Structure formats: structure tokens, C-alpha cells
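Here's a walk through the model, strand by strand and then into the core. Have the viewer open while you read.

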Amino acid sequence: MKSDINIEQIIKMMPHRYPFLLIDRLIKVEKDEYAIGLKNVTINEPFFQGHFPDNPIMPGVLQIEGMAQTAAIMCMLKYNTKIPNVFFMTIDKARFRKPVIPGDILYYHLKIIRKRAKVWKYKGEAYVLGGLVAEAEVSAMIESGK
């Protein structure tokens with residue numbers, strides 16, 4: 001089990017940068033089976049300028065992207081010597097339950113559903129204060145690192 005992967009470690013692993021890096025920390029990783037990541041949602045996020053200025057709500061698709069990034073870190077941790085490229089492939093069964101607003105801490109819970117060669121599928125759930133705000137199944141294709 002690997003826990004507490006901080007933002008500096010995430011930046012070394014992920015190709016994403018601000019404003020598209022949508023995870024701040026992984027607080028728990030169980031092998032390549034389960035992980036919990038988090039995102040501190042602040043009013044300074046650039047998407048709040050247009051979604052919506054008078055009633056800021058985090059776009060649901062960005063919540064799913066955060067889930068996918070958490071899953072990508074899980075994939076990367078599986079490989080000790082080479083960091084693979086992980087490409088987001090699909091979104092299935094997406095549901096948005098409650099709005100995510102500035103000041104929320106968004107917890108991404110990702111669990112592996114299936115691994116078939118280079119394609120891995122995860123069940124993702126996003127929580128704020130213990131309440132489910134979004135869920136989706138996401139899949140990724142893993143390509144050997146350079």
C-alpha cells in the first residue's frame with residue numbers, strides 16, 4: 001500500500017499542468033486496485049469565471065477528469081521502472097448528484113473493475129463531506145513509457 005502521494009510527486013508523474021491538473025493529493029492507494037484522491041476546490045479556479053460567475057459550480061466533466069487522473073496515477077504506480085503513458089478512453093454511466101462549489105474538498109474514490117491487457121476500467125465516485133456528488137465508469141489505455 002502506498003499512501004499520501006503529494007502534489008510534487010503527482011507533477012513528476014502526470015503530464016498535466018495548471019489549469020488541467022485536477023488532483024492535489026492521493027491519500028490512499030491499495031496496489032492497483034483502489035485509490036482515494038482529493039481536489040481542493042477554490043474560487044480561484046479558472047472555470048468559475050464562466051461556470052457560472054454569479055453561482056459558481058464545478059463542471060461535472062472536470063470532476064470526471066479528476067477521477068480519470070486518479071486512475072492514471074494508479075496505473076502508473078503499477079510500473080516500477082517505466083512510467084507508462086495513460087490515455088483516457090471512455091466514460092460510462094456518468095451521473096451528477098449534487099453541485100460542487102468553491103470551498104469543497106472533492107474526494108475521488110476509484111476501484112478497478114477490469115484489467116484486460118492494456119485497457120483498464122474503473123468505477124469512480126466523487127464525494128464532498130461524505131455525500132456522493134458524482135459517479136462514472138472510466139477506462140484507460142496504457143502504453144509503455146518512453
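Strand 1 and strand 2 run antiparallel and are joined by 5 bridges. In that pairing, Lys28 sits opposite Ile36 of strand 2. The two strands make a hairpin with 3 residues between them, and Lys31 in the turn has a positive phi of about 50 degrees. Keep in mind that this is a predicted model.

| Strands | Bridges | Facing residues |
|---|---|---|
| strand 2 (residues 34-40) and strand 4 (residues 105-116) | 7 bridges | Gly37 and Tyr108 |
| strand 4 and strand 5 (residues 119-128) | 9 bridges | Leu110 and Gly124 |
| strand 5 and strand 6 (residues 131-143) | 10 bridges | Trp120 and Ala140 |

Put together, you get an open sheet of 6 strands in the order 1-2-4-5-6-3, with antiparallel pairing. Strand 1 (25-30) and strand 3 (85-96) are at the edges with a single partner strand each, so one side of each has no neighbour in the sheet. From one strand to the next, the twist averages 20 degrees.

Helix 2 (residues 60-78) lies across strand 1, strand 2, strand 3, strand 4, strand 5 and strand 6. Relative to strand 3, helix 2 runs at about 140 degrees.

Now for the inside. The largest nonpolar core counts 37 residues, and Met58, Leu106 and Tyr122 have the most contacts inside it. Two or more residues each come from helix 1 (7-13), strand 1, helix 2, strand 4, strand 5 and strand 6. Helix 2 gives the most, with 9 residues. As background, nonpolar side chains tend to be buried together in soluble globular proteins.

What does Leu106 touch, leaving aside residues up to four places away in sequence? Its contacts include Gly37, Leu38, Val41, Met58, Val100, Ala126, Val128 and Val133. Lys39, Gln63 and Tyr127 are also among the residues that Leu106 touches.

On to the rings. The count comes to 1 aromatic pair. That pair is Phe47 and Phe48, edge-to-face, at 4.7 Å centre to centre and with 65 degrees between the planes.

Most residues other than glycine have a negative phi, and most peptide bonds are trans. Ala117 is not a glycine, yet has a positive phi of about 50 degrees. Ala117 belongs to the hairpin of strand 4 and strand 5, which has 2 residues between the strands. With 75% relative accessibility, Ala117 counts as exposed. Leu129 also has a positive phi of about 50 degrees without being a glycine, and is found in the loop between strand 5 and strand 6. Leu129 counts as exposed too, at 84% relative accessibility.

Which residues does a cis peptide bond join at an omega of about 5 degrees? Those are Tyr18 and Pro19, with Pro19 in the loop between helix 1 and strand 1. Another cis peptide bond joins His51 and Phe52, with omega at about -10 degrees. Phe52 is placed in the loop between strand 2 and helix 2.

Notes
Residues are numbered from 1 along each chain as its sequence is written. This is a predicted model: local features need pLDDT of at least 70, side-chain atom pairs count only at pLDDT 80 or more; totals for chains, interfaces and linings use all residues. Side-chain values use heavy atoms; hydrogens and water are left out. Two strands pair if DSSP finds at least two bridges between them. Helices (H or I, at least four residues) and strands (E, at least two) are DSSP runs, numbered from the N terminus. Rings of Phe, Tyr and Trp (its six-membered ring) pair if their centres lie within 6.5 Å; planes under 30 degrees apart count as stacked, over 60 as edge-to-face and the rest as tilted. Axes are lines fitted to C-alpha atoms, for helices over the stretch in contact, and angles run from 0 to 180 degrees between N-to-C directions. Contact means heavy atoms within 4.5 Å. A nonpolar core is a set of buried Ala, Val, Leu, Ile, Met, Phe, Trp, Tyr and Cys residues joined through side-chain atoms within 4.5 Å. Buried means under 20% relative accessible area, exposed over 50%, partly exposed in between (1.4 Å probe, protein chains only).
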